[in-house]
Each structure stands twice: as structure tokens, then as C-alpha cells.
Amino acid sequence: QVQLVESGGGLVQPGGSLRLSCAASGLPFIIYAMSWYRQAPGKERELVAHITRTGRTTKYADSVKGRFTISRDNAKNTVYLQMNSLKPEDTAVYYCRGENELDRRYEYWGQGTQVTVSS
């Protein structure tokens with residue numbers, strides 16, 4: 001059974017930092033590209049950051065460039081999202097997504113973790 005389990009969300013003040021983790025199990029993590037998405041109330045889900053299976057290539061939404069960093073540890077089957085200089089507009093549920101780079105029919109989502117940026 002494939003599972004993607006996010007953790008690390010919470011309440012933080014503007015300007016603060018959080019580190020999200022997504023632990024994967026039940027899949028060959030090494031061949032999965034991993035992404036973080038977010039969805040704010042009343043808005044569509046949007047891509048925040050993406051990392052290829054090797055970790056050599058990353059991409060970010062313009063709104064988070066220079067503040068967020070995606071990374072992965074293939075030995076631990078885990079992808080991370082380091083979020084710095086957080087703003088109230090970063091408030092959302094953050095989701096982890098895995099996509100099989102060799103067969104894109106296979107994709108999986110985590111259950112999400114809430115991030116709230118407020119004073």
C-alpha cells in the first residue's frame with residue numbers, strides 16, 4: 001500500500017520558518033519525482049515546488065522563489081520543503097505528490113498538512 005505522509009505544518013508568525021516533510025512508503029521512491037502543492041481556502045490547488053527523482057533539477061512557483069527550498073533524501077524515502085520568510089499569503093494546506101518518472105500513469109498524493117502564517 002502506497003502512503004505519502006506529510007508532517008511539520010503548524011502556526012507560525014510572519015517572517016518565520018517551517019520545514020515540511022513527506023515520508024513515502026510502498027513505492028520505489030528513487031524513480032518518483034516529488035512535488036509540493038498547496039491549496040488555500042477558496043482557491044485552486046497550485047504547484048509550489050518540484051524535484052526530479054535524482055534531485056538534480058528543481059523548480060518553484062514565482063511566489064516562493066528565494067524563500068522555499070525543496071530537497072529529498074532517497075535513503076530515507078523523504079522529501080522536504082524548507083519554508084523561510086513566511087507570509088500570511090502562504091497560509092494553505094500543503095500536499096505532497098509523487099509521480100513515477102518512468103510511467104506517469106502512477107501518481108500519489110498525501111493527505112495534506114495545514115500551514116498557517118499569522119500574528
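Guide: Start at Leu 20. Its bridge partner in strand 8 is Leu 81. This is a predicted model, so read every value as computed from predicted coordinates.

Now widen the view to the two strands. Strand 3 covers residues 18-25, and strand 8 covers residues 78-83. Six bridges join them, and they run antiparallel.

Next, the sheet around them. In general, strands of a sheet pair through backbone hydrogen bonds.

A disulfide is a covalent bond between the sulfur atoms of two cysteines. Here the two are Cys 22 and Cys 96, with sulfur atoms 2.1 Å apart. That falls within the 2.5 Å cut-off for a disulfide. Cys 22 sits in strand 3, and Cys 96 sits in strand 9 (residues 92-100). The two cysteines are 74 residues apart, so the pair links distant parts of the chain. The angle about the S-S bond is -80°, and the link is left-handed. Both Cys 22 and Cys 96 are buried. A search of the whole structure finds one disulfide.

To sum up strand 3: bridges join it to strand 8, and Cys 22 ties it to Cys 96 in strand 9.

Methods: Residues are numbered from 1 along each chain as its sequence is written. This is a predicted model: local features need pLDDT of at least 70, side-chain atom pairs count only at pLDDT 80 or more; totals for chains, interfaces and linings use all residues. Side-chain values use heavy atoms; hydrogens and water are left out. Two strands pair if DSSP finds at least two bridges between them. Helices (H or I, at least four residues) and strands (E, at least two) are DSSP runs, numbered from the N terminus. Buried means under 20% relative accessible area, exposed over 50%, partly exposed in between (1.4 Å probe, protein chains only).
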